[in-house]
Amino acid sequence: MIRRSAFWVALIDLVLLAVFAAMNPVLLSIQGARTIALDSVEVLLLAIGSTLLLGAGKFDISIGANLGLSSVVATSVMQHVGGVTTIAQYGVSHQVGTYHHLALVIPIGVAACLVSGLLMGTANGLLVVRLRVNSLIATLGMLSVAEGITFVLSGGVNLAAPTELQSGFGLLSIAGIPAPVMVAAAAVVLLWFVVAKTSFGMRTLAMGSEPEAAVRAGIDVGRHQLVLFVIAGGLAGVAGLIDISRFAFTNAAAHLTDPLAAIAAAVIGGTALSGGIISSFGTVFGVLLTTILEVGLVLMGVSSYYQLVVIGVVLIVVVSIYETRRRRAEAGA
Amino acid sequence: MRSDAGRSPAAPQASPAEAALAVVDVCKSFGHVQALTDVSLSAYPGQVLALFGDNGAGKSTLMKIMCGALQPDTGTIRVGDYEAPGLSIQRAQSLGIQAVYQDLSLAPHLMVLENMFLGHELYRSRWPGFLHVLDRRRMAMETVEALERISIRLPSVHVPVMKLSGGQRQAVAVARAVRWARRAVLMDEPTAALGRVQSDLVVDTIRATARANLAVVVVSHDIPRMLEVADQVAVMRHGRIVAHGSAADFTLARIVGLMVGEESRTAPRDER
């Protein structure tokens, strides 16, 4: 059920946790675990979409921009309906006015967030499937488009979302488990189920393994790929919703490196960059690796920017190990 | 024996049954290049038809037209009651025609049983149908049966195809084609890049496929080995069928002579 690569990454996670906990025991407290889990949620949702796409041999590097755009679209709609504006003074955003009609505002905002994510996923999918644009290039273009729209809509200001979203979902805990963590856990279980148990997962792996084999088996590869991009877009929309629910403000610029973390986590976890292999739980452990590094470095007083350096190095090392193993396996076959 | 050079001969008169698959007066050109000219050929249930020819003779084009990957410019394709100017891959598959491509078209990361059922998956009945939950146990059992039907034994059907040898992969591709074929199996260079032992395995598989009462059409450069297994032989040159008849009437030297245009060349039968 758990691939060997996932096991090794889980072991590295434990070692890193032990090293950081030795320097700051708070990491091993319930609060430490909650922090790591909550900080993992958004990247994990993006990584789940990336895992599926990588399994099919495709990329979406616009998922971070999608997250940012979805959160800004949702907040803009909610501000418009709720009669609120946001101004920035000395670089700090302030909400002007109070949200009205919350019973209407919040469902509309949630729907807008998800629809925005799904639409961007659909646009990516159509570019790749209908116009046959390489997925890396198509989503690079869409990244720029989405960022542009995000800054046009927000005016470069972090928009204020209703605090009721925080109390009702973002900061809500049920039986001690934060609600956003539950959403991410459900998404992981769903990913595992789809990949391990259903024909959708098997066909995804088949088209990543050998696209021509899938075509000749009579599978509508284009439609399947479109669905995968829509799923990745939808998950970015959910991540956007969680973002504004946790912080009550949008922060689109903070998610520009999220696709790197998401794709790196999937690959570090054992999902093949060239398609055909998916490690669902490996992706979870890969995401935890990035979060433990981030939280651990911050607790050590080291700038979290070093996290990017470390993740990049880990990614290169892991991929080179996998490539060596793959070449040896092929030579031995 | 027939050697009607320059004209495509009809199917041999002593046909044991109605043709499983036939092309009639098929022409195909690519730009100014005439790939096929008035080609007529029939494949019969339970028989192996070996198609020989030099590179560029039109063998692969003919195979692609037979399995629906290419459409002819003129001519007719007959499969049972179906008669039309062309086929799509999907239509060919629905009519019971399966092809084994030279590249095998297997997904290397997928297990043998998954490759066998890709596009034809079996689902578990106790889960809601829309979830399409795979019944891997039944797929594994049926994969073993499909392999055994053509006398193939693999250590396990749960291993990824990439772990198999070239011959075993070829066997899986053939077994899959046989599993889903109801009329004919077309094979393009089934022994290319295989060693002797693996090629023997493929030849055994071809025999077993014909025994399952399917028509088998094989394109191959491995003339001696294919002569061991063929019932009918057709030789192509410059997009035409230059000879067609019972395999017993062909020798290696004669086939080579026909391929290169030296039709008078003959050889003793023991050369085969």
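User: Leaving aside neighbours within four places in sequence, which residues is Leu226(A) in contact with?

Analyst: This is a predicted model, in which local features need pLDDT of at least 70, side-chain atom pairs count only at pLDDT 80 or more, and totals for chains, interfaces and linings use all residues. Residues are numbered from 1 along each chain as its sequence is written, chains are lettered from A and ligands numbered from 1 in the order written, and side-chain values use heavy atoms without hydrogens and water. Leu226(A) has its place in helix α10 of chain A (helices are DSSP runs of H or I, at least four residues, numbered from the N terminus). With contact meaning heavy atoms within 4.5 Å, the partners of Leu226(A) are Thr122(A), Gly125(A), Leu126(A) and Val129(A).

User: What distance separates the C-alpha atoms of Leu226(A) and Asn124(A)?

Analyst: Along the chain, Leu226(A) and Asn124(A) are 102 residues apart. Their C-alpha atoms are separated by 8.1 Å.

User: At what angle do the axes of α4 and α5 of chain A cross?

Analyst: Axes are lines fitted to C-alpha atoms, for helices over the stretch in contact, and angles run from 0 to 180 degrees between N-to-C directions. Helix α4 (residues 102-129) and helix α5 (residues 135-154) of chain A have axes that come within 9 Å. The contact includes Met120(A) and Leu127(A) of α4(A) and Ala138(A) and Met142(A) of α5(A). The crossing angle is roughly 145°.

User: Which residues form the salt bridge between chain A and chain B?

Analyst: The contact takes 21 residues from chain A and 25 residues from chain B. The count of salt bridges between chain A and chain B is one. Its N to O distance is 2.8 Å, and the side chains that meet are those of Glu121(B) and Arg203(A).

User: Which helix gives the largest share of the side of chain A that touches chain B?

Analyst: Helices α7 (179-197), α8 (199-209) and α9 (211-216) of chain A each supply at least two residues of that side. The largest share is six residues, and it comes from α8(A).

Technical notes: Salt bridge = Lys/Arg side-chain N within 4 Å of Asp/Glu carboxyl O.
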